[in-house]
Every structure is written in C-alpha cells, then in structure tokens.
Amino acid sequence: MKRYIILFFLTLSLQLRAQTTDSAYIRDHYSKIEKYITMRDGVRLFTSIYVPKDRTKKYPILLNRTPYTVAPYGSNEYKKSLGPSMLFAREGYIFVYQDVRGKWMSEGTYEDIRPHVGSKKNKKDIDESTDTYDTIDWLIKNIKENNGKAGIYGISYPGFYSTASLPDAHPALKAASPQAPVTNWFIGDDFHHNGALFLADAFSFYSTFGVPRPKPITPDKGPKSFSYYTRDNYKFFMDLGPVKNVSKKYFGDSIKFWNDVTTHGTYDEFWKARLITPHLKNIKPATLIVGGLFDAEDCYGAFATYEAIEKQNAKNKNTLVMGPWFHGGWSRSTGESFGDIKFDQATSTWYQENVEFPFFQHYLKDKPAPDLPEALVFETGSNKWKKYTAWPPAEAKQEKLYFQPDSKLAFNKPDKDNSYDEYVSDPSRPVPYADGVHLQRTREYMIDDQRFASKRPDVMVYQTEPLTADLTIAGPVIADLMVSTTGTDADYVVKLIDVYPDDYPNNTPNPRNIQMGGYQMLVRGEVMRGKFRNGYEKPEPFNPGKITQVKYSMPDVSHTFKAGHRIMVQVQNSWFPLVDRNPQKFVDIYNADEKDFQKATHRIYHEVSNASCIILPVVK
C-alpha cells in the first residue's frame, strides 16, 4: 500500500510538472486572438485563435467546435494545452476553438444535435455544416499565417460537430477526426440504447447542460451542477419513482430537450432528423474515426459513423481506430489499464504518436503518409493491436453459442424439449448496473467484475467449460433470445463476460485487494427495450406466456478469451439506474404511474425448437 501511495504521488507530481511545462511553452510560442466570426445568416460565433509567434512559416488550421466552452476567456488567458495532444503544439499549428451557435459566448439559438439541412435554399438554411464552412472560410481569408489547409477534430459532442463538417465541406478542409462522435441518441449513443432511456446519464447531463441561456455568458455565470441529497444514485433514482417525476420534482418545464425526449418515445421524425449518417456522402476530406471499446457514452457512434462513410463513399480515405479506452481515454490517459484490467502498454500514448499526429501531419503538412490499415483495433485479452483490411473483419465467421440446461453454455444446440429457466423480475428491486455505492455513473462499469450480479436470483447465468484453446472474436455480437413473460413489456439486458481462472494472479500493486481469480470481466453488455424488438417506430406488446424471439445486435467487440478462461453470458431485465425501470406493462413509460409497475415471471428457453443463443464473430 505504501508503495502504491508513493507511486500515485510521483505520477501526480510528474503530471503537474508536465502541465506547467506545457502551459509555459504555449505562452512563450503562441499569441491568442479572440474574434466573433459572422455566419451567413448574420449570427456571430465566439472563436479563440492561437497563432504561433514564429511568423516565418505558414501553418495549417486545426479546428475544434464545442458546446462545452472555449474557456479561458480573455486575450491574456491561455489554455494549458493545445490540440489533440501537445505533439501538435510543439510542431506548430493554428489552433481554433469555437463556442457553437447558442452556447456560452456565441450568439444564436442552440439546438441539440442540430438537424442537417440537405437542400439549402437561402442564407437562413443553416446547420453545423454551414457554420463550419463559414468559420473555415473566414479563417483562411483572415489569418494570414495559414497554409491554406484545415483539419477538424473533437471528442463526443465535438465529435458530432466534426462529423457534421463533412457534408459539403469547405475545400480547405483536408482532414477530419470524429472521435467518439455523438451519432444516434435513440438507438445507441448516450441517452438511449435500443429505445431504452439511459436515465442516470440523461438526468445528470441535462440538469446542467439543458438549462436555458438567455444571452451569451461565461462559465462563471452559467448553471451550477445539480445538488443530489444522497451519494447513492441507486437510492436517488428509486426515490424518484416513475420517469415523469423528473419534471414534476426537479426540471419543471425548463429543460427543453428533456421535454423533447419524453415527448418522442419512439423513433419518429424528431430523432431521424438528427441522424447525420445519411448525409455522409461525397466526402472529400480524409477521415480518422476514433473510439473506445469500453466507452460508456458513444461506443456505438464511432462504429456507426465509420460504417456510414464506408458504405456511401467510394474514394474517401476512411480509417477506423478502436482502442481499449473509456470515453476520451485516448486523450485523457496513458491507456495502460482501465478499471482492474491491464493492457501491458501505454495504448493512448502509442496512438497519439503513431496514428493521430502522423494522420494530421500528412494531410495538413504534406508529411509522409502513416502506415494505417483500414481498421486498427486493439484486441483485449491478448493485448495486441490488430490490423484489418475491413471492419467487421472478413475473416470473422458467426458461430452460435447456445444456452443449455444447468446454467451451461456450449456451441452445440440443446437437444431437450420443454427446457427453460424461470425467474421473477421485480421493478421495485431492479438489478444494479454496478457493485457498490456511487453518485455519478461509473465509467468502469463497461469492463467491471460481474460477480455481484451473478449472485442474484433474477440474473440468469450461463457459462462454458474452461476453454482448451484461445478463442478470438472481432465484430458485432448478436443476442438471440427465445423468451416469454407474464407481462406485456420487458427489457432484456445481455452481458458477454470473460471469466478468469480461479488461480489467476492478482494485480501488482493491488491497493483495493481485488481478487482476480474468478474475475468476471464484462466484455460487452447491451439492453433492448422489448417493445421495440420488431422495430423502433411502432412498439409492440408481448403476448403474456407466448414464446417470443428477442434478437438484437450489440456494439462490436475485439477480444480473445484465453485458454483456461470461460465464456459467460448473463441475462437480466433491469440495469438500474443506468437504464430506467421498465414497468413490464405495455404503456408509455415516460408517463407511467407507480401503479403501472408490476412483477413479471420470465422464462428463457434452451430447447430444441426454441434455442436461445449468443452469436459471436469468431476469428480463426
């Protein structure tokens, strides 16, 4: 423990020293300019511009558009780091940060994931594409030190703005890197997964981010974080009751997007209009799509954006990079480990030096092209970077891993009739998404030990015998359940897990005394709101007692189950408060009353004619 404390403070000291050094370098080598840039409709966007003091050279522009503020404000107040990493600042770029329309010091009205206008008829037809175009156009014409080339990057919401820059891009935009880009808020990113509301995230985010801004303001005058009366988010959201109580108890009618979410409970035109992927056609800038395999917010978005560009563009240079990272972990950590799992290398540092920096250097400074494959994906378990000519890999073949009686899991189809597991799911005692007590949703839940859940009677557990050889999977995982319920709606949460051998050695150091023997590492988990099993536009009730298929795709994985490990699948009907409670009754959940919530008896079938399975993309 003493050694761990010494290492912790040594690491913290080195980080603080590096930040101080970086901050001094920026002040010594860059001048800061603050400008309002006028868009085609007359709205002005607040923009911070950092220009190298060495005016003997020309530099490319690197743009970051954000709803999270370009702070610090003031021409004498400087950021402590510039660009995706300090590699860029030391190389020399013109760094541009912009408050998007309607946020912080920019003028105009903010709109969440503003819809793209496909056919623009006049200067009033604006979207994030036109705002990016107009910004780059002004920079090229007014910042005389530029070399005529621009790039854009961003993580999460700024990742969306990077994606939105691509349709009808400015000719000077040569390279774009949407990273963990917000892409589809009903099916896979942030606030809904397969139609199920991610309650804790949506509440936490919009309790502050959604507060209306009557006029341009700086962060010191902005909304304060929501004050919880307990440090236990499970208790807080259980005390809340039905989702409609969010407005009744806390938000009132002031949070516009929360009102939109709870009004548009199906995949209607409101959500479809906010989908950027259909517009990713005729893309000219080179694209580097980056994401984290354990990103709790926007793992879906990285894969969906890459896929859309691939399918709709024949000539665009498009590369996918997925590492073993949490949300933004490639920028905010060294990437040597996440949670209790170690990767044996500084994955983030390697990515910054060998992928991200060379990518922009090539397209914006004509440096040699980096040796990037179509897809560069880290394989957990084996802890190796893998290069693929396509994603999903062409060599991955779907194999069905069947549920069996007696909590077993095997590649052979079950051979019994009338075989199922039966259990009761009670909305008044939902299964927690993570062990322990937490206020904010943990980022580590994406990879955490699942032993806490496997002990509950309302979580069905299936596992293989110890593997006799390594088994590698790469690509989407498909849950294919045959179920029945006494209710008329239900959520289904499926978790794919790597079970470590009982004699697996503990990590060193091990300050929290985590026992790695028998560890149940979550490889992928995902929820399906059952009423959307046949489509997100028209929900359908379950027929009580009738055997029904619930089949859905989970975000892609890249993992090797090592010999001696077991593969486990857990199935449950709640994941709280990550996901709001399903009443298990076919109602509009956003307007459900407490009386609508009911216990339900569920069955998961593993018989000859109704065989539940999980479909794995196995790479031989």
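Helices (H or I, at least four residues) and strands (E, at least two) are DSSP runs, numbered from the N terminus. The model is predicted: local features need pLDDT of at least 70, side-chain atom pairs count only at pLDDT 80 or more, and totals for chains, interfaces and linings use all residues. Residues are numbered from 1 along each chain as its sequence is written, and side-chain values use heavy atoms, with hydrogens and water left out.

View A. UniProt, in an unreviewed entry, places "domain: Xaa-Pro dipeptidyl-peptidase C-terminal" at residues 357-615. UniProt positions follow the numbering used here, feature names are shortened, and annotations may be inferred rather than shown by experiment. Residues 357-615 are 5% helix and 37% strand, and their end C-alpha atoms lie 37 Å apart.

**View B. Trp325 and Trp330, a tilted pair.** The structure holds 71 aromatic pairs. Rings of Phe, Tyr and Trp (its six-membered ring) pair if their centres lie within 6.5 Å; planes under 30 degrees apart count as stacked, over 60 as edge-to-face and the rest as tilted. The planes of Trp325 and Trp330 stand at 55° with the centres 5.6 Å apart, so this pair is tilted. Trp325 and Trp330 are both buried (under 20% relative accessible area; exposed is over 50%, partly exposed in between; 1.4 Å probe, protein chains only).

**View C. Tyr445 and Trp575, an edge-to-face pair.** Ring centres lie 5.9 Å apart and planes meet at 85°, so Tyr445 and Trp575 are edge-to-face. The pair links distant parts of the chain, 130 residues apart. Tyr445 is in the loop between strand 17 (420-425) and helix 13 (451-454). Trp575 is in the loop between strand 23 (566-572) and strand 24 (600-605). Both residues are buried.
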